[in-house]
Amino acid sequence: MATAERTGQCMCGAVKLTALPKAPELHACQCDMCRRWCGSAFVEFDVAPEGLDVSGPVKSFVSSDWAERAWCDACGSTLWYKLTVPGHETYAVSAGLFDNAGGFRLTKEIYSDRAPDGYSFAGAITRVTKQQTEAQFASLGEGETP
Ligand SMILES: [Zn+2]
Ligand SMILES: [Zn+2]
């Protein structure tokens, strides 16, 4: 289900984004890499490659054989996780760049069993464990972890 474009920016305003979400849904990742990258869970919405327009100073880091992570080179804001598996290219754009997280609701948490003991997401969301998440990634034909 498509939804309307959202515009967002990094903390300093140097990077501006226009994104057309694939669906009006937020997803959270509790994996160890996202935790270190963001300081907590990474909350994002998915955007097809043709649905994202970006201007400004972007740097990216190849974080695995199938993904890279991007940030603003001026202020360090987390911008997106990009799945780079051929045929599956998708941007998981940081919801925090958009006012009110785009106005979307959290529907899914992956690596749910890797969440710290001290906090958690409330509500009836789909929770996918590390093992289940990695089985889904393995089905893409690449590796074990995002
Ligand atoms: Zn910035
Ligand atoms: Zn993650």
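Colleagues, the structure is a predicted model, in which local features need pLDDT of at least 70, side-chain atom pairs count only at pLDDT 80 or more, and totals for chains, interfaces and linings use all residues. Residues are numbered from 1 along each chain as its sequence is written, while chains are lettered from A and ligands numbered from 1 in the order in which they are written.

Let me begin with the overall fold. The secondary structure of the protein chain consists of 2 helices and 10 strands; helices (H or I, at least four residues) and strands (E, at least two) are DSSP runs, numbered from the N terminus. Along the sequence, these elements follow the pattern β-β-β-α-β-β-β-β-β-β-β-α.

I turn to overall dimensions. The C-alpha trace spans about 35 × 35 × 30 Å along its principal axes. For 146 residues, a compact globule would have a radius of gyration near 15 Å, and the protein chain, at 15 Å, agrees with that. Here the radius of gyration is taken over C-alpha atoms, and the globule rule is 2.2 Å times the number of residues to the power 0.38.

Of the 146 residues, 30% are buried. A residue is buried if 20 or more other C-beta atoms lie within 10 Å of its own, exposed if 12 or fewer, and partly exposed in between, with C-beta atoms placed from the backbone. As for contacts between residues at least 6 apart in sequence, 51% join residues at least 24 apart; two residues are in contact if their C-beta atoms, placed from the backbone, lie within 7 Å.

Next, the strand pairing. Two strands pair if DSSP finds at least two bridges between them. Strand S4 has several partners to consider. S2 and S4 run antiparallel and are joined by 5 bridges, with Leu52 in S4 as the bridge partner of Ala19. S3 also pairs with S4 in the antiparallel sense, over 3 bridges, and there His27 stands opposite Glu44. Between S4 and S8, which are antiparallel, there are 4 bridges; Asp46 has Ala92 in S8 as its bridge partner.

Elsewhere, strand S5, residues 58-64, pairs with S6 in the antiparallel sense over 6 bridges. Val58 stands opposite Cys72 in S6, and a hairpin of 2 residues joins S5 to S6. In a regular strand, the side chains alternate between the two faces of the sheet.

What does the core look like? A nonpolar core is a set of buried Ala, Val, Leu, Ile, Met, Phe, Trp, Tyr and Cys residues joined through C-beta atoms within 7 Å. The largest such core holds 29 residues, of which Cys29, Phe42, Leu79, Trp80 and Val93 touch the most other members. At least two residues of this core come from each of S2 (16-21), S3 (25-29), S4 (42-55), S6 (67-72), S7 (78-83) and S8 (90-94). Leaving aside neighbours within four places in sequence, Val93 is in contact with Leu17, Ala19, Glu44, Phe45, Val47, Leu52 and Trp80.

I now move to the loop between S8 and S9, where Phe98 lies. Phe98 counts as partly exposed because 19 other C-beta atoms lie within 10 Å. Beyond four places in sequence, Phe98 is in contact with Arg6 and Gly8. The C-alpha atoms of Phe98 and Leu17 are separated by 9.0 Å, although these residues are 81 apart along the chain.

The loop between S8 and S9 also contains Asn100 and Ala101. Most residues other than glycine have a negative phi. Asn100, though not a glycine, has a positive phi of about 55 degrees, and the phi of Ala101 is also positive, near 50 degrees. Is Asn100 buried or exposed? Asn100 is exposed, because it has 8 C-beta neighbours inside 10 Å. Ala101, with 18 other C-beta atoms within 10 Å, is partly exposed.

Finally, two residues further along. Thr107 lies in strand S9 and is partly exposed, with 16 C-beta neighbours inside 10 Å. Not counting residues up to four places away in sequence, Thr107 touches Glu25, Leu26, His27, Ile125 and Thr126. Ala124 lies in the loop between S9 (105-110) and S10 (126-128). Ala124 is exposed, since 6 other C-beta atoms lie within 10 Å. From C-alpha to C-alpha, Ala124 and Leu106 are 9.3 Å apart in space and 18 residues apart in sequence.
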